[in-house]
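Please look over the protein chain below. Then read the short report that goes with it.

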Amino acid sequence: MLDYRKLEALVAVIEEGSFEAAASRLCVTQSAVSQRIRQLEEQERQLLVIREQPCRPTGRGQVLFRHALQVRHLEQALESDDAGAGLSEWMTIPLAVNADSLAFWFLKGLAPFLQDNRILLDLKVADQDRTEELMTSGHVLACLSSRSRSIQGCDMVPLGRMVYRCVMSSAFSNRYGFGKGEPGEFLKEAPAVIYNRDDDLHRKAMKQAGLEAFFASVPKHWVPDSIQFGEMVRRGLAYGMVPDLQRHSWPEGAEAFVEIAPDTAVEVELYWHVWSLASPKLKRLTQEVRRFTGELLEP
């Protein structure tokens, strides 16, 4: 039988990244944390924590870490949904979302639910192709992902699409002579803006437009902030992949921006992955996400 005091130490070490920080969080000595981890490893007959900076779990350590988080959440859910408890306790729900969803629609849609429930969010931001990793590692209870494959122990709900287009301002187009010569010449001179090294939308758009061969030689700004990324395009400093949700909100109007080619629209399908836990509030959260994404995202 698992000793949850030892599991608590394992979770603290993994979340805090060191035995010292875990000891501070648990208000015990560092040797006490080390002893609990060592005893748990002896019980499991294998190494659970790789002692590096930061500390990280082994495969079996990851399984126990995820189990411990599920137990923690279920305990919180029981406390917060106890009808006889009077005022419900606050419950923290860790979620993983991509930056553009967080910037342009996620909190707007979730606001009514947060106002009516004693829920605290612990948001972790990652590329929509990578949020799923935070689910499988046990760090979050639900995530927005572009991947539709099922995760063991989780439910998956299709939500809708975010549409991105490779656009530039009219002033930028005129400055770099867009459309007046060969596309390759324009692409070698005009700077693009890309979110980060994991962002593959720009390459996908250029491939769709038959321009992928020029991608390596394109001058690139790297701007890992959704709002400022769009501002680079809006202010005529670069061209880039802007979501329709953002472009349509600009005061200049969508018609003030030029697409680099007619076939650059990239549709990102979004899916909601959520642990299959018997938690009324987690189920209500999923219902709310389904409701407001039906209003905010492309079907």
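## The model

This is a predicted model, in which local features need pLDDT of at least 70 and side-chain atom pairs count only at pLDDT 80 or more, while totals for chains, interfaces and linings use all residues. Residues are numbered from 1 along each chain as its sequence is written, and side-chain values use heavy atoms, with hydrogens and water left out.

## The whole chain

The chain holds 12 helices and 11 strands. Both are DSSP runs numbered from the N terminus: helices are H or I with at least four residues, strands are E with at least two. Along the principal axes, the C-alpha atoms fill a box of roughly 70 × 45 × 30 Å.

Of the 299 residues, 48% count as buried. Buried means under 20% relative accessible area, exposed means over 50%, and partly exposed lies in between (1.4 Å probe, protein chains only). Contact means heavy atoms within 4.5 Å. Take the contacts between residues at least 6 apart in sequence: 73% of them join residues at least 24 apart.

## Nonpolar cores

In soluble globular proteins, nonpolar side chains tend to be buried together. A nonpolar core is a set of buried Ala, Val, Leu, Ile, Met, Phe, Trp, Tyr and Cys residues joined through side-chain atoms within 4.5 Å.

The largest core here has 74 residues. Those with the most contacts inside it are Leu 10, Val 33, Trp 105, Phe 106, Tyr 239, Trp 272 and Leu 285. Another core lies apart from it and has 12 residues, including Val 167, Val 193, Val 223 and Phe 229.

## H1 against H3

Two packed helices are described by the angle between their axes and the distance between the axes. Axes are lines fitted to C-alpha atoms, for helices over the stretch in contact, and angles run from 0 to 180 degrees between N-to-C directions. H1 (residues 4–16) packs on H3 (residues 30–44) at about 110°, with the axes 9 Å apart. H1 is therefore roughly perpendicular to H3.

On the H1 side, the contact uses Arg 5, Lys 6, Leu 7, Ala 9, Leu 10 and Val 13. H3 brings Val 33, Arg 36, Ile 37, Gln 39, Leu 40 and Gln 43. These residues divide into 7 nonpolar, 2 polar and 3 charged. Ala, Val, Leu, Ile, Met, Phe, Trp, Tyr, Cys and Pro count as nonpolar, Asp, Glu, Lys and Arg as charged, and the others, Gly among them, as polar.

## H1 against H2

H1 also packs on H2, at an angle of about 120° and with the axes 8 Å apart. This pair is therefore oblique. From H1 come Glu 8, Ala 9, Val 11, Ala 12, Val 13, Glu 15 and Glu 16. From H2 come Phe 19, Ala 21, Ala 22, Arg 25 and Leu 26. The contact of H1 with H2 has 8 nonpolar, no polar and 4 charged residues.

## Backbone details

Cys 27 sits in the loop between H2 (19–26) and H3. Its phi is positive, about 60°, although Cys 27 is not a glycine. Cys 27 is exposed, at 70% relative accessible area.

Arg 45, in the loop between H3 and E1, also has a positive phi of about 60° without being a glycine. Arg 45 is exposed, with 78% relative accessibility.

Which peptide bond is cis, with omega near 0°? The bond from Gln 53 to Pro 54 is. Pro 54 lies in the loop between strands E1 (49–50) and E2 (56–57).

Note on methods: Angles under 35 degrees count as roughly parallel, over 145 as roughly antiparallel, 65 to 115 as roughly perpendicular and the rest as oblique.
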